[in-house]
Amino acid sequence: MIFSKANFGTFSTSLAIQVCGAATGIITARLLGPVARGELATVILWPVILSNLGLMGCNCVLAREVATNPEHESDWAATGAAVGLVTALVYLVLGYFLLPLLLASDRRYLLPVARFCLLLIPLDIFNQVLLAIDHGRMRWRRYNLLRLSFVLFYLALIVCIAVTRQAQIRWFAAAFLASHLLTVLVRLWVQRKPLAAGNASVGGGRYLLREGVPYFGATMSNLVSLQFDTILVVSLLNTEAAGIYAVASAFANGPSSLSEAFGITSFAILSNEKNARSRERIITETFRQSALISCGVGLGLCWLIPFLVVPLFGSAFSRAIRPAVVLAAAASLMISANILNQGLRGAGRPHAGIVSQLIGTGVLGLAGLLLLRRFGLMGMAFAVLLSSCSQLLVLIASASKWLGISPLRFWPFGAGNFRLLFQQAAGLRFAIFAVACVITICNS
């Protein structure tokens, strides 16, 4: 499962996305500096959150429906696009009026740029809806190429900004939106035939919205758990601290290509798997192997961070080193948690993820408020670590209860698990995979 061709191809794409993301992050940080980098994080934060909420969980339902009923792919594609248009308009208007309330009083000067970034909402919703179709049908080559297109466009535009030396946050925001627009155009071109042949239906739209409610809850809890630390930092600390935390978070996201790749394929495979015993085997085996890999990658990343921050981002971001190490440890735990959560979603069990993320958010909020004022960014990093531990434990407990198995079945550090990992890795040229993992650590 872990070393399937689908996983390897998706991981390779996620790795390429990480490399491009690292390049754009380094260029952005060096051009803007901590203060302006914090301002950019502030104006993008809420549009990103609102665009994900605007999906209303319909992308997950759409992926499952085209997996179950591939003969109706065109109709589902047209219906999903129509629903996406409606929800995008609703959240765009909602965001316009909410932003003055969401921005801290000393950041109100950023309101015009933040409202401009709200154009991300319709662009991102269309991107995710159209991508869900290929996800559900497991067209991995096309799916991965479409995922990669955005970061390639964004990197090219950031390089143009660097060459012309237009180091202002409005240009970075414009590049961000332009990259999403170009990606939408590419995906519309790829999906033009299904969209043209399909018939959007009101009943189908209602079905997507109704069935998307559990996934909307899962998306909301996932967003809050992932973004709550950034929300606290942006709201309670100055823009310089926000910029430093953005760099620390970017470093900690080095292993995210593992989580993204294995989570994507786990969701799709379990959406298509109906046998209960096979589901149990896929979920437990994927978790154990991903946990072993993520621990190794996380330890390597923690060791490398002190040597990489200043050479890559500059001495102005040296304060990001210690928080980045703690956040990297938290990220290694979240890899396995996210993969298990995606597997349960694919099996039609999104509620376990919602519960784990709500509990994790509660831990993060309580620990963050207690530690942030006293210990600054290090306090926030330790709060994220505590939240990651709680989410992982809750997910394991929920999955073991649903499957009727012992939680010890998820324990990854047994001799048999190590042997199975190396046996399966050898079948896909372990040397290439090992190099890819090293690159993942280095490019964060």
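This passage describes the overall make-up of a predicted model and then several of its residues and contacts.

The structure is a predicted model, in which local features need pLDDT of at least 70 and side-chain atom pairs count only at pLDDT 80 or more, while totals for chains, interfaces and linings use all residues. Residues are numbered from 1 along each chain as its sequence is written, and side-chain values use heavy atoms, with hydrogens and water left out.

The secondary structure of the chain consists of 18 helices and zero strands; helices (H or I, at least four residues) and strands (E, at least two) are DSSP runs, numbered from the N terminus. Of the 444 residues in the chain, 56% are buried. Here buried means under 20% relative accessible area, exposed means over 50%, and partly exposed lies in between, with a 1.4 Å probe and protein chains only. Accessible areas come from the Shrake-Rupley method with a 1.4 Å probe, and for residues only the protein chains shown count as cover. Among contacts in the chain with a separation of 6 or more, 85% are between residues 24 or more positions apart, contact being defined as heavy atoms within 4.5 Å.

By the rule that a salt bridge is a side-chain nitrogen of Lys or Arg within 4 Å of a carboxyl oxygen of Asp or Glu, the count comes to seven salt bridges. Side chains of opposite charge can pair when their charged atoms come close. One of these bridges joins the side chains of E73 and R137, at 2.5 Å from N to O. This pair links distant parts of the chain, with E73 in helix α3 and R137 in helix α5 (residues 120–137), 64 residues apart. E73 also meets R139 in a salt bridge, at 2.6 Å from N to O. That pair again links distant parts of the chain, since R139 is in the loop between α5 and α6 (140–164) and E73 is in helix α3, 66 residues apart. E73 counts as buried because its relative accessibility is 8%. Its two partners count as partly exposed, R137 at 31% relative accessibility and R139 at 25%. Salt bridges that share partners join E73, D134, R137, R139 and R142 into one network. A further salt bridge is made by the side chains of E211 and R210, at 3.9 Å from N to O. E211 is partly exposed, with a relative accessible area of 33%.

Helix α3 (residues 73–102) also holds T87, which counts as buried because its relative accessibility is 10%. T87 and G54 are 33 residues apart in sequence, and their C-alpha atoms are 5.7 Å apart in space. The side chain of T87 reaches the backbone oxygen of G54 at 2.9 Å. Apart from neighbours within four places in sequence, T87 is in contact with G54, M56, I125 and L209. M56 is found in the loop between α1 (5–53) and α2 (58–68) and is partly exposed, with a relative accessible area of 23%. The phi of M56 is near 55°, a positive value in a residue other than glycine. Most residues other than glycine have a negative phi.

Helix α7 (residues 169–190) includes L185, and R187 is also placed in helix α7. R187 is buried yet has no salt bridge, and the nearest side chain of opposite charge, D124, is 6.4 Å away; Lys and Arg count as positive and Asp and Glu as negative, while His and the chain ends are not counted. A polar atom of the R187 side chain lies 2.9 Å from the backbone oxygen of L146. Not counting residues up to four places away in sequence, R187 touches N127, Q128, L130, L131, L146 and R147. L185 is partly exposed, with a relative accessible area of 48%. Together with L181, L182 and L188, L185 forms a nonpolar patch on the surface, with about 310 Å² of accessible area together. Patches are made of residues with over 30% relative accessible area and no salt bridge, with like charges joined within 9 Å and nonpolar side chains (Val, Leu, Ile, Met, Phe, Trp, Tyr) within 5 Å.

Terms used
Polar contact = N/O pair within 3.5 Å; in protein donor to acceptor, adjacent residues only side chain to side chain.
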